[in-house]
Amino acid sequence: MTTQTFDLPDLGEGLTEAEVVRWLVAVGDTVAVDQPIVEVETAKSIVEVPSPFAGTVSELHGEEGRVMEVGRPLISVTDGSGAGTGAAAKVSAEGERYREEERAGTGSGNVLIGYGTPEAAASGRRRRPRERPPARPAQPAAPASVAPAATPVSAAQASAAPAAAAPAQPAAPVSAAQAAPAAARPPLVTSPLVRQMAREAGLRISEVPGSGPGGLITRRDVREAIEAARVPTTAPATDPAAPATGPESGATGVVDARTGLAESRRVAMSGFRRSVAASLSRSRSEIPEATVWVDVDATELVRLRRSDPSGPGLMSYVARFVVAGLRAHPELNGRVDAERGELVQYDGVNLGLAVQTDRGLVAPAVLGAHRLTTAELDGEIRRLTAAAREGRASRAEMTGGTFTLNNYGSLRVDGSAAIINHPQVAILGLGRIMDRPWVVDGELTVRKITQLSFAFDHRVCDGGAAAGFMRVVADAMENPAAAIARL
């Protein structure tokens, strides 16, 4: 009998670590080559990692929630036949193979860390719970009856503790999956967004009761658990050393020296949040940015949109006008090569779109936006927005933007001085459209007014070029019919 150990593979894009979100197999399970074994979260997305070996799982080298470094042992498989070093080599070379397949429009359908093939995306493949033994071996991290010291315990979790100790006396009929102790059954979660919500709230997903079919945990279940955690409970803690429940009950036991207030909670930054923080900090420290604003009469644009309810949305029109503005001012569609002292311009536009997700703000890009019609842009914007919120946008879409359009008006905000998405050199913001008094042909009337804000890197252009770009977009929004006729 031989045991082969699979290390966490290269994540690409300079990523050196990933958090174990959910194990898809348990010790004793039989796995096949290319079978997904674990979900991991990187700074870019949540993906499944497949096994390069076939055999029986002998050891899992990291518990759920642990951040692991690239190259460290991930899983050990005994008697793996039919894979060997060839499969391991295939995993290490998959990144380059995927790039070739993506360019050729083909793919194997396998999903590897940091990559996803076109067939996998087209088939709408979804994660689903896999069959496991009813009792999963407990991880050696901590006893099942004691919550980790760093994790708040909700009221719902506290009430579930007696049931874990005496499952033969449930308070109400429950399913077999719900009746099992939380530490002994895998959480039934299909959405990574649900798991992310629980993690950010400091909840253990395995202890959240599921109301879906077979005990499936939904967003509503997590929200109810979060609300329950905010209600102070009078029940005594099972562990005197454990932190008090809920942010209102006071805390970590640490008093802040500057404010004199007790800390109510500490939440570890996810890899995604750390990546965003690093990018924004780099943007602020490296880019000498300036911001300009202009109020735009979007009445005709709104009228055009309402004339065809099934036609392109407002954002697709604005995106089309942005592409036209970048064609007129190509210096804004590039980057600064500081090492060589050169300003780089791109032959084409990958239009980034700021999207608010449960994981945070992301800016996936419509690749080749300059080649699309307004209707095609509309379809791509809708598809890309949904993919980003589900954590399914491709690596190229997440990292390949050349310019960003931010519709913060969807958040009911009038204006904003946005931070440039490094290494890009500009970002355009669109505020909400409101009825305001406006003078037209010398007469006061009510019009649909919005505000455009434009932040740009002063190293690549001056205020004249920035104002020229803004006027291209603003004039097109004010007279969209004439603009579309010229495009």
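Good morning. I begin with an open sheet of 4 strands, whose order is 1-8-6-3 and whose pairing is antiparallel. The edges are formed by strand 1 (3-7) and strand 3 (30-31); each has a single partner strand, so one side of each is left without a neighbour in the sheet. Please bear in mind that this is a predicted model.

Within the sheet, strand 6, residues 55-60, and strand 8, residues 73-78, pair in the antiparallel sense over 4 bridges. Leu60 stands opposite Ile75 in strand 8.

I turn now to the nonpolar cores. Which residues of the largest core touch the most other members? They are Val322, Leu428, Leu452, Phe454 and Met477, out of 43 residues in that core. Among the elements that give two or more residues to this core are helix 9 (314-328), strand 17 (426-430), strand 19 (443-457) and helix 12 (463-478). Apart from this core lies another, of 19 residues, including Leu8, Ile37, Leu60 and Leu74.

Leaving aside neighbours within four places in sequence, Met477 is in contact with Val296, Asp297, Ala298, Leu301, Val318, Phe321, Leu430, Thr450 and Leu452.

Finally, helix 9. Its 15 residues reach 22 Å from the first C-alpha to the last, close to the 21 Å expected at 1.5 Å a residue. Is helix 9 largely enclosed or exposed? It is largely enclosed by the rest of the structure, because 12 of its 15 residues are buried. Among the buried residues of helix 9 are Val318, Phe321 and Val322, together with Ser316 and Arg320. Thank you for your attention.

Terms used. Residues are numbered from 1 along each chain as its sequence is written. This is a predicted model: local features need pLDDT of at least 70, side-chain atom pairs count only at pLDDT 80 or more; totals for chains, interfaces and linings use all residues. Side-chain values use heavy atoms; hydrogens and water are left out. A nonpolar core is a set of buried Ala, Val, Leu, Ile, Met, Phe, Trp, Tyr and Cys residues joined through side-chain atoms within 4.5 Å. Buried means under 20% relative accessible area, exposed over 50%, partly exposed in between (1.4 Å probe, protein chains only). Contact means heavy atoms within 4.5 Å. Two strands pair if DSSP finds at least two bridges between them. The expected span of a helix is 1.5 Å times one less than its number of residues.
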